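Hi,

Here is the structure I said I would pass on.

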Amino acid sequence: MNKTRLAMLLFVASEAVFFIVLILAYVLYHATSPSAADASRYLDIPKTAVFTACLLLSSFTMRQAAVFLRTGRRKPALAWLLATVALGAVFLAGQGAEYVSLIGKGMTVSRDLFGTTFFTLTGFHGLHVFIGLIMLGTLFGLELKGGAACPAEAVECVSIYWHFVDAVWMIIFPLVYLWVLR
Amino acid sequence: MNNSEINASKEPGSILEVGEYKGLLSWLSSVDHKQIGIMYFTTSLIFFLAGASLAMVMRTQLIKPNHHWLSPETYNQIFTMHGTTMIFLAIMPMLTAFMVYFTPLMIGARDVSFPRMNALSYWLYLMGGLLIYFSFFTGDTLHMGWSAYPPLTSVNYSMDLYFVGTGVDYWIVGLLLTGAGTIMTAINILVTVADLRVPDMKLARLPLFVWMSSINAILMLLALPALNAALVMLFLDRHLNALFFNPAAGGNPLLWEHSFWFFGHPEVYILILPGFGIVSEVIPVFSRKVIFGYSFMAVATVAIGFLSFGVWAHHMLATGMSFSIYYVFAFSTALIAVPTGIKVFNWIATMWGGSISFDTAMLFCVAFILQFTIGGLSGVAFATVPIDWDLTQSYFVVAHFHYTLLGGTLFTVMAGFYYWYPKITGRMLSEKLGKIQFWLMVIGFNGAFFILHFAGLAGMTRRVYTYPDLPHLATINLISSLFAYVLGLGILIFFANLVISLFKGKPAGDNPWGGWTLEWATSSPPPPHNFDRIPPVRSIRPLWDLERSQMAPGAAAPPSRGGESS
Ligand code: HEM
């Protein structure tokens with residue numbers, strides 16, 4: 001196996017444990033603290049569902065970009081990369097809007113256990129999306145410059161990371177947004 | 001001038017003469033795994049000296065009952081710093097040093113897979129360590145014990161008392177930095193072993209040290225993020241008033257304990273597995289026999305790795321969990337003794353009937369086996385829940401984990417130093433000082449710590465700055481402290497030996513011990529590119545094969561593994 005790819009997979013495994021602990025903290029307090037259960041009043045479920053779809057879609061566009069880069073077709077690859085960045089940015093903006101509205105309604109990290117666990121979990125996920133966007137932007141820049149500037153492993157690594165970040169959200173979304181519907 | 005002439009004709013005989021390693025800049029900017037390994041060694045040894053000095057201060061405070069030399073606050077800081085230093089800044093990086101230095105050499109590689117990331121790991125470790133120590137200068141360092149349980153670490157608690165606990169923040173950030181470095185090292189080692197082995201080194205020919213380092217890397221990779229998550233939660237609690245561990249708002253300090261020990265128990269195996277690896281290299285060489293049960297050793301390591309993630313709650317048996325949970329953790333804890341026991345038997349079987357030469361490295365291994373077994377037995381005793389209820393938080397625990405960490409890991413590290421120092425520096429450590437050090441350490445260590453089991457049974461509580469004059473306690477502690485000074489003297493002699501031998505030691509030659517693994521096939525110290533020529537690898541002992549084939553050309557038969565060979 002390619003060494004950079006293996007390194008990225010190992011890194012992702014390590015990150016997974018990090019998120020598992022944060023997720024378990026969320027689950028623990030959601031199940032044991034009564035206040036966490038009325039959280040549904042605060043969350044904007046339909047809007048976030050749309051942003052979630054964006055993130056899901058970005059995994060697909062990332063895949064397309066990687067395929068085209070591998071076969072050396074720069075133009076379509078650049079377009080797909082741009083789409084990935086845009087979708088990721090939309091998701092992040094959506095999360096920002098959600099934060100603003102939550103804080104407007106008085107829901108903060110220090111208000112109750114829901115606030116604490118929600119902001120920590122989604123905040124760290126958002127940070128990972130943000131870092132992913134930086135990596136994607138770098139790829140895009142390198143690819144734009146052309147030539148052999150952008151090694152194939154780099155593309156593969158970024159896409160592994162990006163799929164991971166998406167996958168984490170696909171666990172967080174049902175857990176945080178759909179569990180409250182019960 | 002003279003030197004360069006010699007250099008031109010001959011390989012340098014000492015690390016001090018290697019041209020590429022001259023000048024401060026060559027170290028600061030280095031990405032060579034050997035230089036980084038040496039920097040890890042040096043830094044961790046300095047932290048170790050600091051941790052050991054703190055221990056001597058503690059033992060002096062405990063020398064007699066109702067002793068008021070140190071205030072309770074000072075004592076709290078000292079034992080917390082001692083624990084934190086020893087675990088995160090001394091022993092773990094010292095083992096990392098062995099991993100970083102020897103893994104590439106033992107698999108015949110030029111360097112690790114990601115040399116620059118390797119350098120970054122080191123610098124993160126150094127900076128994190130300095131940050132933790134910097135908290136001393138803020139006038140208030142750590143008070144909470146190395147396991148940092150909330151609410152002791154929550155802002156409210158530290159504010160309500162006589163101090164503002166910023167030390168905890170330094171601790172958190174420092175550990176996050178060193179932790180990030182450790183995760184990078186783990187990735188680096190795993191990829192190196194997967195990717196850079198010489199072509200004919202199959203997994204079944206991997207030296208056991210490399211096997212155990214790799215499993216160790218997996219543990220680091222999967223355990224440290226749990227600590228990082230816990231640290232992050234604690235940091236948010238302290239700075240953004242998050243409520244994770246705040247019982248008043250429904251938060252639960254047990255969440256910290258679970259996350260911390262989910263990291264913490266694999267951590268204690270992280271602190272011993274490379275040590276097992278060192279012993280598994282040293283014992284065969286000094287017994288002139290192939291290791292007994294090579295594949296069992298490898299498999300037992302994997303088993304330990306797996307099980308270590310399933311035993312964490314045995315650190316929390318006193319927190320009142322349900323009985324089914326007790327059963328599970330008591331059982332898994334007893335179970336983990338099995339693969340560990342297998343190893344002990346294999347080492348003994350390797351020595352059995354061998355022609356053993358008791359050089360210092362070997363002496364440390366033998367003492368390690370005995371002491372670690374004692375530590376393991378008192379550990380299994382804890383798996384019995386009622387025993388744990390009685391003894392947890394007593395000096396019995398202190399005795400137990402010093403038997404595994406000091407009598408265990410530190411002794412393996414010493415063996416590693418005596419075995420590999422010639423390879424690293426090109427000079428032998430003095431055997432005479434080594435023997436003196438060994439006996440001082442064995443006598444001092446057992447004298448200081450065996451008796452502490454009884455202090456625990458007599459009811460002496462750990463983490464308390466002094467103790468009442470109950471029957472026996474005064475005698476026990478006096479004895480323990482005096483022997484601790486003997487141990488301290490042994491450690492000082494070790495440091496003296498390291499320095500003196502660097503300048504005055506006998507030149508080592510390529511292979512002073514008749515070792516069989518690839519690192520002995522190159523010069524001592526190895527050239528910056530590691531190998532000029534790598535011998536073929538047809539078994540776990542390539543150099544032994546080479547020797548055979550040279551003695552009887554054409555008659556080289558690979559030795560049958562597990563059988564008699566010398
Ligand atoms: C140099 C000889 C050493 C001596 C004399 C020594 C002595 C002690 C003593 C007396 C305590 C108990 C403090 C208390 O509970 O009040 C202690 C705690 C501890 N020691 Fe050592 N120690 C030594 C070396 C080591 C080493 C090599 C390690 C290895 C990792 C280590 C790890 C620890 C830890 C983790 C604690 C617990 C700190 C806490 O309670 O937070 N020690 N030591």
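Below is what turned up, starting with conventions and then going through chain A, a pocket, the iron site and one glutamine.

This is a predicted model, so local features need pLDDT of at least 70 and side-chain atom pairs count only at pLDDT 80 or more, while totals for chains, interfaces and linings use all residues. Residues are numbered from 1 along each chain as its sequence is written, chains are lettered from A and ligands numbered from 1 in the order written, and side-chain values use heavy atoms, with hydrogens and water left out.

Chain A first. It has 6 helices and 0 strands (DSSP runs numbered from the N terminus: H or I of at least four residues for helices, E of at least two for strands). Its C-alpha atoms fill a box of roughly 55 × 30 × 25 Å along the principal axes. Of its 182 residues, 50% are buried (under 20% relative accessible area; exposed is over 50%, partly exposed in between; 1.4 Å probe, protein chains only).

Now the second largest pocket, at about 950 Å³. A pocket here is an open set of points on a 1 Å grid over the protein atoms alone, where a 1.4 Å probe fits, with protein on both sides within 12 Å along at least five of seven lines; lining residues have an atom within 4 Å of a point. Points are joined across faces, edges and corners, and the volume is the space filled by probe spheres set on them. Among its 28 lining residues, A:Phe11, A:Glu15, A:Ile131, A:Tyr161 and B:Met184 are closest to the centre. Helix 5 of chain A gives the largest share of the lining, 8 residues.

On to the iron atom of the ligand: B:His82 (NE2) and B:His402 (NE2) coordinate it at 2.0 Å (donors are N, O and S atoms within 2.8 Å of the metal, or 3.2 Å for Na, K and Ca). The two histidines are 320 residues apart, B:His82 in helix 4 (residues 72-106) and B:His402 in helix 15 (residues 395-425) of chain B. B:His82 is buried at 12% relative accessibility, and B:His402 is buried at 14%.

Finally, B:Gln61 lies in helix 3 (residues 33-61) of chain B and is buried, with a relative accessible area of 0%. Beyond its neighbours within four places in sequence, B:Gln61 is in contact (heavy atoms within 4.5 Å) with B:His67, B:Trp69, B:Leu70, B:Tyr75, B:Tyr465 and B:Thr466.

Cheers
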